[in-house]
Structures are given as structure tokens and as C-alpha cells.
Amino acid sequence: MAQVTVTIDGKAYRMACEEGQEAHLEELAQRFDRYVGHLKTQFGEIGDLRVTVMAGIMVMDELAETNRRLANLEREVESLRNVGEGAAAAKQKSEAAVVEVLGELAVKLNGITAKLNARPQTPVN
């Protein structure tokens, strides 16, 4: 397990993470620290715990909005997938109908050709 020291609101916190995740954890801490800094700029010194809780709530609000948007996008993708599958089925049905009509037309043309070949030829002058 790797160890990383992150700084939030000027205070260092030693944290454990999986090997290879150190940079990711540091980036997350820096982003969270920006939330804390933003709140301190807006509200001044209102207490470390209160600022941290407010920053956590802001992050959770953004996460909830992101999850809502993701769910909407997943529904839209599913809808488009269903439309695409319906269109593919309609295309196959149309192609099958065209093949059937072309087959019937070929049978009729063969019949006409056979009748024309069976007629006696009249000499052309």
C-alpha cells in the first residue's frame, strides 16, 4: 500500500492508497482543497469543520448532478439503440420483400420468355 501526503486548507494529511494511484489521490486532494479555498474566500473563517462539510456537500451536489446527467444519457443511448435495432429489423424485412418480388418477377419473365420462344418465327422480309 502506497502512502501519500496531501494538503487540504494548509494542513497535511497522510493517506494510504493503492500502488500507482498516488498521483490520482493527490489530484483529488488538490481539487477538494480548491473547494475549501473557494468557500473560505466566500464566507471567511467560519471554522475548519464547517468549511470541510460545506465543501463535501458541494462535491456531493456536483456528483448527484453528474449522476443524473449520466442516467439521462444512458436512457438516451438505450432509446437510440432500440431505434437502431428497429430500423435494422425494418431494413431486413424490406430487403426480404424486395428479394421476394424480384423472384416473382424473374419467374414471370422466364414464363414470358418461354412463350415467346415457343411461338413460330415469322420470316422478316
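This is a predicted model: local features need pLDDT of at least 70, side-chain atom pairs count only at pLDDT 80 or more; totals for chains, interfaces and linings use all residues.
Figure 1. Apart from neighbours within four places in sequence, A55 is in contact with F32, Y35, V36 and L39. A55 also belongs to the largest nonpolar core, where Y35, V36 and L39 are among the other members.

**Figure 2. The largest nonpolar core, a set of 12 residues.** The core comprises A2, V4, V6, I8, C17, L25, A29, Y35, V36, L39, V51 and A55. Two or more residues each come from strand 1 (2–8), helix 1 and helix 2. Helix 1 makes the greatest contribution, with 5 residues. In soluble globular proteins, nonpolar side chains tend to be buried together.

**Figure 3. The buried and exposed sides of helix 1.** Helix 1 contains 22 residues and extends 31 Å from its first C-alpha to its last, close to the expected 32 Å. Its buried residues are L25, A29, Y35, V36, L39 and K40. Viewed down the axis of helix 1, these buried residues fall within an arc of 135 degrees and therefore line one face of the helix. An α-helix has 3.6 residues a turn, so residues three or four places apart point the same way. On the other side of helix 1, the exposed residues are A23, R34, T41 and Q42. The packing partners of the buried residues of helix 1 are strand 1, strand 2 (11–17) and helix 2.

**Figure 4. The loop between helix 1 and helix 2, with G44 and E45.** G44 follows helix 1 and has a positive phi, near 75 degrees. E45 is located in the loop that lies between helix 1 (22–43) and helix 2 (48–118). E45 counts as exposed because its relative accessibility is 65%, the cut-off being over 50%. The C-alpha atom of E45 is separated by 30 Å from that of E22, 23 residues away along the chain.

Figure 5. The chain has 2 helices and 2 strands. Its C-alpha trace spans about 115 × 35 × 25 Å along the principal axes. The radius of gyration is 36 Å, whereas a compact globule of 125 residues would have a value near 14 Å. Buried residues account for 10% of the 125 residues. Of the contacts between residues at least 6 apart in sequence, 21% join residues at least 24 apart. The accessible surface amounts to about 10,300 Å², with 59% belonging to carbon and sulfur atoms.

Notes:
Residues are numbered from 1 along each chain as its sequence is written. Side-chain values use heavy atoms; hydrogens and water are left out. Helices (H or I, at least four residues) and strands (E, at least two) are DSSP runs, numbered from the N terminus. Buried means under 20% relative accessible area, exposed over 50%, partly exposed in between (1.4 Å probe, protein chains only). A nonpolar core is a set of buried Ala, Val, Leu, Ile, Met, Phe, Trp, Tyr and Cys residues joined through side-chain atoms within 4.5 Å. Contact means heavy atoms within 4.5 Å. The expected span of a helix is 1.5 Å times one less than its number of residues. The arc is that of the directions from the helix axis to the C-beta atoms. The radius of gyration is taken over C-alpha atoms; the globule rule is 2.2 Å times the number of residues to the power 0.38. Accessible areas come from the Shrake-Rupley method with a 1.4 Å probe; for residues, only the protein chains shown count as cover.
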